[in-house]
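This report describes a single protein chain, moving from its overall make-up to selected residues and their surroundings. Please keep the sequence and the model at hand while reading.

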Amino acid sequence: MESGPETLIPNSDSLIAGRNAVETSSRKKHGNAERIVIGGYPIEGVSIAGHETCVILPSLKLAFDIGRCPQRAISQDFLFISHAHMDHIGGVAMYVASRGLFSLKPPTIVVPKCVKEDVERLFEVHRTMDQSELKNNLIGLDVEHTTYAMQEKRSLSEETSKSKLSERTTSYRARVILCTRMLWCCFLWSFLITYSTVSPEVAFTGDTTSDFIIDEDNSDVLKSRVLIMESTFIDGKVTTEHAREYGHTHISEIMGYADRFENQAILLIHFSARHKREEIEAAVSALGPPLGGRVFAMTEGF
């Protein structure tokens, strides 16, 4: 049963906290996992093509794709599934079951509308086998379907005189949009009295060819503060034609479209398991202007 739009978006406090975080890029261990901070957002997870993809943004309480359901994904309240390949959605039932085991509230899971009925049937099969409720809020979104959540906050500014405080009202509204079949983009609106800003914050691609880069309908994706995108192949052992044939992107194509990326930071994911960590790091380090210095790689598991 679909709930109203207000149930979909993470709490605006989390969005604002992420946006106002220190603008830094760093990589450090978080427990046994690697966490990278880019564009002000802590990001962790694992993404190995054909094996598992789950990218987690803890400050937004959300995960993009679930892979095999890594332990640290369980605490995220929102899950956005890009498509139904097993390495991206395989752990969805375990994710819901684990949240129930830890007495966490039922998660909101957003999937492309074309697979929603299949995911519902999947949960029914697991309910029968496991004899558990597997409570969740499953939402199917069409391309260009948007949903909103509005929250208003009141705060006091710094003291303007010894006896007077000036009050201001700020409203926040968040939107998540399914741009194309496999692209999610999160937006943040900030309204301060009469001044307003609109900011695409985080965009995520599932498995996709480089065609999304030149699709004008995806212009917001290329303007988001942080773009998380696949780059399955990184060397000459696999041609761009081969990458495209199998629905993937080669790093050489990213280089070819370098001038189109207006993102503050780009996180490359979904590298082929044939690549070694050192090869991935070397390929990213070799990127020159205008990409050099703002492109990073998710290499956990390599």
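Leu 101 is exposed, with a relative accessible area of 67%; here buried means under 20% relative accessible area, exposed over 50%, and partly exposed in between, with a 1.4 Å probe and protein chains only. This is a predicted model, in which local features need pLDDT of at least 70 and side-chain atom pairs count only at pLDDT 80 or more, while totals for chains, interfaces and linings use all residues. Residues are numbered from 1 along each chain as its sequence is written, and side-chain values use heavy atoms, with hydrogens and water left out.

Leu 101 belongs to helix α3, which covers residues 92-101; helices (H or I, at least four residues) and strands (E, at least two) are DSSP runs, numbered from the N terminus. Together with Phe 102 and Leu 104, Leu 101 forms a nonpolar patch on the surface with about 320 Å² of accessible area. Such patches are made of residues with over 30% relative accessible area and no salt bridge, nonpolar side chains (Val, Leu, Ile, Met, Phe, Trp, Tyr) being joined within 5 Å and like charges within 9 Å, and accessible areas come from the Shrake-Rupley method with a 1.4 Å probe, where for residues only the protein chains shown count as cover. After α3 comes Ser 103, whose phi is positive, near 60°. The buried residues of α3 are Val 92, Ala 93, Tyr 95, Val 96, Ser 98 and Arg 99, and what covers them includes β6 (78-80), α2 (86-89), β7 (108-112) and α4 (113-130).

## Overall make-up and cores

The protein has eight helices and 15 strands, and 52% of its 302 residues count as buried. Among contacts (heavy atoms within 4.5 Å) with a separation of 6 or more, 56% are between residues 24 or more positions apart. The protein exposes about 14400 Å², of which carbon and sulfur atoms supply 51%.

In soluble globular proteins, nonpolar side chains tend to be buried together. A nonpolar core is taken as a set of buried Ala, Val, Leu, Ile, Met, Phe, Trp, Tyr and Cys residues joined through side-chain atoms within 4.5 Å. The largest one has 24 residues, and those with the most contacts inside it are Ile 38, Ile 43, Val 55, Leu 57, Phe 64, Ile 228 and Leu 267. Strand β14 (residues 265-269) gives this core its largest share, three residues. A second, separate core of 23 residues includes Ile 251, Leu 268, Ala 283 and Val 284.

In helix α8 (residues 277-285), the residues Ile 280, Ala 283 and Val 284 are buried. They lie on the same side of α8, because they cover an arc of only 95° around the axis, the arc being that of the directions from the helix axis to the C-beta atoms. Glu 278 and Ser 285, on the other side of α8, are exposed. The cover over the buried residues of α8 includes α7 (251-256), β14 and β15 (295-297).

## Two buried loop residues

His 270 sits in the loop between β14 and α8 and is buried, with a relative accessible area of 2%. His 270 and Ile 48 are 222 residues apart along the chain, yet their C-alpha atoms are separated by 4.8 Å. Leaving aside neighbours within four places in sequence, the contacts of His 270 include Ser 47, Asp 87, His 88, Asp 207, Glu 230 and Ser 231.

Ser 231 is located in the loop between β13 (226-230) and α6 (240-245) and counts as buried at 0% relative accessibility. With neighbours within four places in sequence again left out, Ser 231 is in contact with residues including Thr 249, His 250, Ile 251, Leu 268 and His 270.

## Salt bridges

The structure holds 14 salt bridges, each defined by a side-chain nitrogen of Lys or Arg within 4 Å of a carboxyl oxygen of Asp or Glu. One of them joins the side chains of Asp 77 and Lys 105 (3.8 Å, N to O). Asp 77 lies in the loop between β5 (62-64) and β6 and Lys 105 in the loop between α3 and β7, so the pair ties together parts that are 28 residues apart in sequence.

Lys 116 forms a salt bridge with Glu 120, the closest N and O atoms being 2.7 Å apart. Because the two are four residues apart in helix α4, Lys 116 and Glu 120 are separated by about one helical turn. Lys 116 is buried, with a relative accessible area of 12%, whereas Glu 120 counts as partly exposed at 31%.
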